[in-house]
Amino acid sequence: MKTAGGMALIANGRLVDGTGAPAVADAAVVVKDGKVIYAGPARGAPEIPPDARRIDARGGTIMPGLVEAHFHPTYFDVAELADLDIKYPVEYVTILAVCNARLALECGYTAARSGGSLHNIDVWLKKAIEEDLVAGPRLAASGREICGAGGLMDWNPDHLKLGMDGLILLINGPDEGRRAVRKLVKDGVEWIKTYPTGDAAAPDTADHHTLCMTFDEMAAVVAESHNYHRKVTGHCRATQGIKNALKAGFDCLEHATFMDQEALDMLLERNTPVVPALQFELASIEKGPSFGMPQSVVDGHKETLEGGADSARLILKAGGRLGMGGDYGFAWNPHGGYAKELTFFVRHVGFTPMETITCATRTGAEIMGRASEFGTIEPGKLADILVVDGDVLSDISILEDRSRFLAVMQGGAIKAGRLAAT
Ligand SMILES: [Zn+2]
């Protein structure tokens, strides 16, 4: 992805730099050739040449671009899980994914880690974004996800003879786990996404207390992935699934819904980050029924929401790492609502806006393994910066409103926001 040449000064705003440090009133950020060279009080800023671009933050907030840590670019706001695999051909899903990537950037997400993608689309979407063919977040790709046969994601009945090839690699046993990882490595993914447990979405077959992979399968997937220097994550709701994932050496946990003290101790010992994705649960409870979601599924989401919020509080209080990401791409939780996750954590989980923003910026970059490049506004980092009209520390929900972005910058180039066209 190209960076902008020349210099720019962003001033007249409050700096929230993503490190968790107190905000700096009347701050300035100076950008040179796409990278930050100064971030701090305006009075300490270096001289800038007269031809430098000047961006007036209008008394608002200057903060790092957000990182969506659980992004499904190919989930096209489906109302039925089965639609994910069979409703559209790969050609159309690819176009939808391009649109979702542009939307995420317009929503202030300058980077995103894929939580799984149909047909390896995210690998090629990443290439198109990196080559500036299409606009979107800096991506980490996962491609198809791995699940045990008969588990949560194996929903097409055998008599339909459909398989699940576009969405999931189904495995039976450690050998097939290794085979699946080798295919994904060849496909070009960076993360191996797995399904160690079920979910409230499948109350009759693989609910949120059911395991969908054996420990041996998980350990084989981790060994093979690490051999190829790839990272492993997994959909972990059930307590035993969380422990299996930590013991197997997973690099991240999605959800980590039902933590107990032993799981917390294991998590902290390994410093494994967690992406809870809780707004999805609230949206399922509030809006699911209008899309025909059965009561048994809604009840499961209620239990998941409560358990997930308790676990997130435990992890934060104990000093663990949390990323913000939200499984957007369902009819009741559509693309574009990504920042609702942040509002949810402030209003319903009890995080401070500063804690939430740090999770959504610095920790997100750490999860992507790119904390030395972005995630905070500090000298030497890429100028992936949001200039927001308003004080996000007093009202974090401002970030849900795209019209409040003055600038969404990647590498110093303004890609979206009110100043993008000027
Ligand atoms: Zn997901």
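Three strands make an open sheet in the order β6-β7-β8, with parallel pairing. Strands here are DSSP runs of E with at least two residues, helices are runs of H or I with at least four, and both are numbered from the N terminus. Two strands count as paired if DSSP finds at least two bridges between them. This is a predicted model, in which local features need pLDDT of at least 70 and side-chain atom pairs count only at pLDDT 80 or more, while totals for chains, interfaces and linings use all residues. Residues are numbered from 1 along each chain as its sequence is written, and side-chain values use heavy atoms, with hydrogens and water left out.

At the edges of the sheet are β6 and β8 (138-140), each pairing on one side only. From one strand to the next, the twist averages 15°. The table shows the two pairings.

| Strand pair | Bridges | Facing residues |
|---|---|---|
| β6 and β7, parallel | 4 bridges | Val 67 and Ala 111 |
| β7 and β8, parallel | 3 bridges | Ala 112 and Leu 139 |

How many residues of β6 are buried? The count is 6 of the 6, so β6 is largely enclosed by the rest of the structure. Buried means under 20% relative accessible area, exposed means over 50%, and partly exposed lies in between (1.4 Å probe, protein chains only).

Helix α11 (residues 353-367) lies across β6 and β7, at about 55° to β6. These angles run from 0 to 180 degrees between N-to-C directions, using axes fitted to C-alpha atoms, for helices over the stretch in contact. Contact means heavy atoms within 4.5 Å.

Helix α3 is mostly covered, with 7 of its 10 residues buried. Among them are Ile 121, Val 123 and Leu 125. The buried residues of α3 pack against α2 (90-106), β7, β8 and α4 (174-187). Just after α3, Asp 132 takes a positive phi of about 60°.

## The zinc ion

Which residues coordinate the zinc ion? They are His 70 (NE2), His 72 (NE2) and Asp 327 (OD), at 2.0 to 2.1 Å. Donors are N, O and S atoms within 2.8 Å of the metal (3.2 Å for Na, K and Ca); water is not among the atoms, so sites may look incomplete. Along the chain, the donors follow the spacing H-x1-H-x254-D. Distant parts of the chain are linked here: His 70 sits in strand β6 (residues 66-71), and Asp 327 in the loop between α9 (295-317) and α10 (340-349), 257 residues apart. His 70 is buried, with a relative accessible area of 1%, and Asp 327 is buried too, at 9%.

## A look at strand β16

Leu 406 is found in strand β16 (residues 405-410). With 0% relative accessibility, Leu 406 counts as buried. Leaving aside neighbours within four places in sequence, Leu 406 is in contact with several residues, including Asp 56, Val 387 and Leu 419. Between Leu 406 and Gly 150 there are 48 Å in space, C-alpha to C-alpha, and the two are 256 residues apart in sequence.
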